Amino acid sequence: MARIGLDKSAVKKARDDLLAQSLYPSVDAVRVALGNTGSKTTIHKYLKELEQEDGGGARKGGISDALQELVGRLAARLEAEAEERLAAAVAGYEDKEQRHLAAEKRMQQELSEALRRHEQQNQQSQADIRKLQQLGATAQAEATRLNQDNAKLVADLAHARLAAYDAQRVAREQDAKIELLNAQVRELELELAGARAITDGQQGLAAELRRMLDGHGGSGKSV
C-alpha cells in the first residue's frame with residue numbers, strides 16, 4: 001500500500017533529484033529518497049508512467065537504452081552486493097548481539113556476586129559498628145565514673161587545702177601568742193633582775209647598817 005500522501009509528483013521529484021546527481025533512479029533509490037516510505041509497486045507504477053510521459057523510456061539528460069540497461073545491471077549488481085553486505089552486517093550484528101548478551105549475563109552474575117559480597121560486608125560492618133557502639137558506651141560510662149571520682153578528689157583536695165590553711169592560720173596565731181608570752185617573760189625577767197638588784201642593794205645596806213650598829217655598840221662598852 002502506498003504511503004498516505006504519496007503521489008506521482010513526489011516520485012517525480014525524487015527521480016529528478018537522483019538524475020540531477022547522476023544517480024540511477026531505481027525503485028529502491030527512489031524509495032530511499034522518499035524517506036524509506038511508500039510501496040515499491042506504487043513507486044514502480046509511477047516511474048513507468050513518468051517514463052511514458054517522457055517519451056517511451058527516454059531519460060533526462062539523454063541516457064540511451066543501452067546505457068540505461070548497463071546502468072540497470074550495474075544497479076542490480078550493486079543492490080545484490082549491498083544485500084550481501086547487509087546480510088553480513090546483520091550476521092555480524094547478531095553475533096555481536098550474542099556476545100553482548102553473554103557479556104551482559106556475565107556482568108549481571110558478577111554484579112550479583114558483588115552485591116552479595118557487599119551485603120555480607122555490610123552486615124559485618126553493622127556488627128562491628130554495634131560492637132564499637134557498645135565499647136563506646138562502656139568507655140563513656142567509665143569516663144563518667146572517673147569524672148565523678150575526679151570531682152570528689154578535687155572537692156576533698158579543696159577541703160584539705162582549707163583545713164591546712166586553717167591549721168597554718170592557727171599555728172601562726174599560736175606562734176604570735178608564744179612570741180607575746182616570750183616577750184612578757186623577757187620583760188618579767190628584766191623586772192625580776194631589777195628587783196633582785198634592788199634586793200641585793202638593800203641587803204648590802206642592811207648588812208652595812210648592822211656592822212655600823214655592831215661597831216657603835218662595841219665602842220660604848222670600852223669607854
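I start with the cut-offs: a residue is buried under 20% relative accessible area, exposed over 50%, and partly exposed in between. The model I am working from is predicted.

Entry 1. I looked up the total, and the structure holds 15 salt bridges.

Entry 2. I checked Lys8 and found its side chain in a salt bridge with that of Glu49, at 2.8 Å from N to O. This pair links distant parts of the chain, since Lys8 lies in helix 1 (residues 8-20) and Glu49 in helix 3 (residues 40-53), 41 residues apart. Lys8 has a relative accessible area of 25%, so I logged Lys8 as partly exposed. Glu49 is also partly exposed, at 26% relative accessibility.

Entry 3. I moved on to Glu51, which forms a salt bridge with Lys48; their closest N and O atoms are 4.0 Å apart. Both residues lie in helix 3, three residues apart, or about one turn of the helix. Which of the burial classes does Glu51 fall into? With a relative accessible area of 18%, Glu51 is buried. Lys48 comes out at 41% and is partly exposed.

Entry 4. I then took Arg99 and Asp95, whose side chains meet in a salt bridge at 1.9 Å, N to O. Both lie in helix 4 (residues 65-222), four residues apart, about one turn of the helix. Arg99 is partly exposed at 47% relative accessibility, and Asp95 is partly exposed with a relative accessible area of 39%.

Methods. Residues are numbered from 1 along each chain as its sequence is written. This is a predicted model: local features need pLDDT of at least 70, side-chain atom pairs count only at pLDDT 80 or more; totals for chains, interfaces and linings use all residues. Side-chain values use heavy atoms; hydrogens and water are left out. Helices (H or I, at least four residues) and strands (E, at least two) are DSSP runs, numbered from the N terminus. Buried means under 20% relative accessible area, exposed over 50%, partly exposed in between (1.4 Å probe, protein chains only).
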